[in-house]
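Dear colleague,

Please find below the structure that I am handing over to you. I would be grateful if you would look through it together with the notes that come after it.

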Amino acid sequence: MPESLPIVEMVGISIAFPGVKALDEVGLRLYPGEVHALMGENGAGKSTLIKALTGVYKIDEGEIRIAGEPRRLGGTADAQSAGISTVYQEVNLCANLTIGENVMLGHEVRGPAGINWRATNKAAAKTLAKLGLGHLNPKQSLAALPLALQQLVAISRSMVLQCKVLILDEPTSSLDANEVEQLFAVVRNLRDQGVAILFVSHFLDQVYAISDRLTVLRNGRFEGEYRTEELDRAQLIAKMIGRDLATLKSLDAKESRRVRGDEAPLYAAKGIGRKGAIDPVDVELHRGEVVGLAGLLGSGRTELARLIYGADRPDTGDVAVDGEKAEITTPAKALAKHIAFSSENRRDEGIVRDLSVRENLVLAVQARRGWARPLTRREQDAVVAKYMDALGVRPADPERPVRLLSGGNQQKVLLGRWLATEPDLLILDEPTRGIDVGAKAEIQEYVADLADEGLAVLFISSEIEEVVRQSDRIIVLKDHRKIAELEGGPGVSADSIVTVIAEDGLGDPNADAAVREEATT
Amino acid sequence: MSTLTQAPAEPTGVRALAKRLSLHLDTLPTAAAVVIFIGMIVYGEAAYGRIVQFNTLSNLLINNAHLIILTVGLTFVILTGGIDLSVGAVIAFSSVAGVMLMNAGWNPWIAMLVMVLIGTAFGAASGILIQYFHVQPFIATLAMMFLGRGLASILSTVPERLADDSPVRELGTQIKVYDGPKVNDIAITPGVIIAAVVVLAAFFVLHRTRTGRTVYAIGGSEQSAQLMGLPVAATKMWVYIISGTLAGLAAVVYTARLGSAQNITGIGWELDAIAAAVIGGTLLTGGAGFVLGSVVGALVLGLMNVLITRDGSIPPEATTIITGGILLVFVLLQRAVLARRRE
């Protein structure tokens, strides 16, 4: 706490990448025995600051002081020897090795005959036990563990290194509520042992649950350092996005629902289904309407979207587009019918990391035209100019490799890619997952505009509130079947949908609790 | 992994064995290689006779000592997820250069040291290209392969014979360990001893040193290994240096046995060594495999040649087809194992 000396002090840190100043005179102080949250939108410089602290990036200006001593860190190994360990969003362990090896890798106990595996596994077990993971067998393969436990194993590893500073970079993004609680118990335990913990997360609830103080960054600049209890959520968001909540609120308050005309549906499926993915359902999608798919993780949301797009071949059912019978069995056929699908898996099925923003934007248009007729540079530029501007992709540099963009901006590029095909029906699977509040609001706003312009939009999100806010009509899925279809309006809220889901399977006492948990994340 | 040193099954029945096996799926391809090797011996003994006897098995080791050494080197590289295509050409250059140096009057022992160091130099060059110039291992070692083959051809295009009294030939001389009836002796050569030492040393390095564990970690995920603070760059350099050095050593062992060297020696041996490693259970994507498995893989290939010779009715041309078939079976087996592991 502030009366003691900070273990880490970063002063006036600046880092420039070609064309961008990623960090501009940013400061950060970490005290022993505190959980410190690092807050900011995507692209605000959180990752860059962490990488500066862990020695991955060289700092151009400024100073890092560890326990009062100025230090120049040359890399991960260097940072680790200075007592700084990092646990990343994606678990960075080796799945081909055992739990014990992962914990001890590089620090195995050695004897006269090389590594002493018995002692090494014992030391691993001891470390795991300290974090309440005593039930794990160090000789078991890491790959057999669920992701949450792997995350905790990664933290145990930093304990072996006697770390004084633990950086948790989005550690909870793939964990469920119970697993988050388990992680937090470990984090509190470490904090009480005097470790300084830097916590980065998009989940405000979690930040308020765990952190003592927080530092806010915006656009690569230091916005302020606060005690968590002295800053409420609205103030925090305002500091992060640099404008008040009016924009967000206006979207929330929007009551004027679009009125669906009586014309025939753009897309109508009767009894479309696929064994093991989703039971036969009827889906009707109209122009100028946002239809939401609500349901828990694994309820069949993505499966249904993939059937509509033809990414998976339906076993049953008939599909009509604009009243004409259509066979949509491959994505190419869907594109030909002006149906576009933006996958939930942004990294693997969405952006092509090493291509530029321009190349990513024109990809779908080019695919539809066929490779024999490449887009001219002028046509490309037209597409790029139109969508980069409309969606507000930042930085506005079309030649920048898309991997250098923040998650929210990558999502905008993806959205632009599909819009460039001028679809009549746009399927958005989790378009706002893992992106920050500001970008989220922009994307939500844009989706609403698209529907106003006459597009049919199928909107999928695991945040039920978001589905409710965005949709004119909501299809509720549960256990791979459709259980309800609700017209949007004042009567429909996240709670009412949760009730629908919960009441559908009465007799399963856990269902209700699980639903509520997910609804509130 | 310590699994190899543990007894594979407690006497609690088939189910316990199956459970153990599923816990250690990594060892399954290697276990399969052992089973196939034993199966080949049993089949050979039943069909042709005179397989399970001292001299046949001794010769199997003597004739394949160089391949075992090569395969051990390749195992290091493949465990990191890399590949080394240069080893066959390194053998050609190293052996031609070595024999010419000895014939030119160099001290044979110094010449042998030079042969090994030629391999080290090639390995270091590949390692530098891969680690510091970010060349794909396939391309970097392919370039080294062409370089080695070309240098060997520049030196000589005819077989260079070693003097019969050269001390190098002693490395290839058979030593009778046990004098059996007629020619049925247990015999080894210093070359076999060298191969055995190499295998044991490799086993120690891979399973009992931090460098060895880093090799496995890199194969599992290079990025993770980096973020864990392991010395990834140095270790990757080391595996190519080890592979090159062992290729130089294999050149010494092979030249000692044959007594001559030629620029076309070792064509395709890199692929034999890769095949042996894969048959022995090493995953080409890295991170899984055992050096002892690679030895079994090399012996499977060697034994196959013996069986084909004994059979007589199989044309030697078919050898490569059979090698390919075995390889395919093993790769399919590995894919099945990987699919199980992902579940």
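The notes below set out what was found, beginning with the confidence of the model.

Please bear in mind that this is a predicted model. For chain A the mean pLDDT is 82, with 90% of the residues at 70 or more. One stretch calls for care: across residues 507-521 of chain A the pLDDT falls below 50, although the model gives this stretch 17 contacts beyond near neighbours in sequence. Where pLDDT is low, the predicted coordinates should not be read in detail.

Chain A is divided into three parts by the domain assignment: domain 1 (8-96 + 141-249), domain 2 (263-338 + 424-521) and domain 3 (346-422). Between the C-alpha centres of domain 1 and domain 3 of chain A there is a separation of 31 Å.

Leu128(A) sits in helix α4 of chain A, which covers residues 117-130. Is Leu128(A) buried or exposed? Leu128(A) counts as buried because 24 other C-beta atoms lie within 10 Å, where 20 or more are required. Apart from neighbours within four places in sequence, the contacts of Leu128(A) are Val103(A), Leu133(A), Gly134(A), Leu136(A), Pro138(A) and Ser156(A).

Chain B contains 13 helices and 4 strands. Its C-alpha atoms occupy a box of roughly 65 × 55 × 35 Å along the principal axes. The radius of gyration of chain B is 20 Å, and this agrees with a compact globule, because one of 343 residues would have a value near 20 Å. Of the 343 residues in chain B, 48% count as buried. Among the contacts in chain B that join residues at least 6 apart in sequence, 76% are between residues at least 24 apart.

Finally, the two chains meet: 19 residues of chain A are in contact with 22 residues of chain B. On the side of chain A that touches chain B, the elements giving two or more residues are α2 (76-81) and β8 (114-115). The largest share on that side, 3 residues, is contributed by α2(A). By residue type, the side of chain A that touches chain B comprises 11 nonpolar, 6 polar and 2 charged residues.

With kind regards

Note on methods: Residues numbered from 1 in each chain as written. Chains lettered and ligands numbered in written order. Predicted model: local features only at pLDDT ≥ 70, side-chain atom pairs only at ≥ 80, totals over all residues. Contact = placed C-beta atoms within 7 Å. Nonpolar A, V, L, I, M, F, W, Y, C, P; charged D, E, K, R; others polar. Domains from an automatic or database assignment. Buried ≥ 20, exposed ≤ 12 C-beta atoms within 10 Å, placed from the backbone. Rg over C-alpha atoms; globule rule 2.2 N^0.38 Å. pLDDT = per-residue confidence, 0-100.
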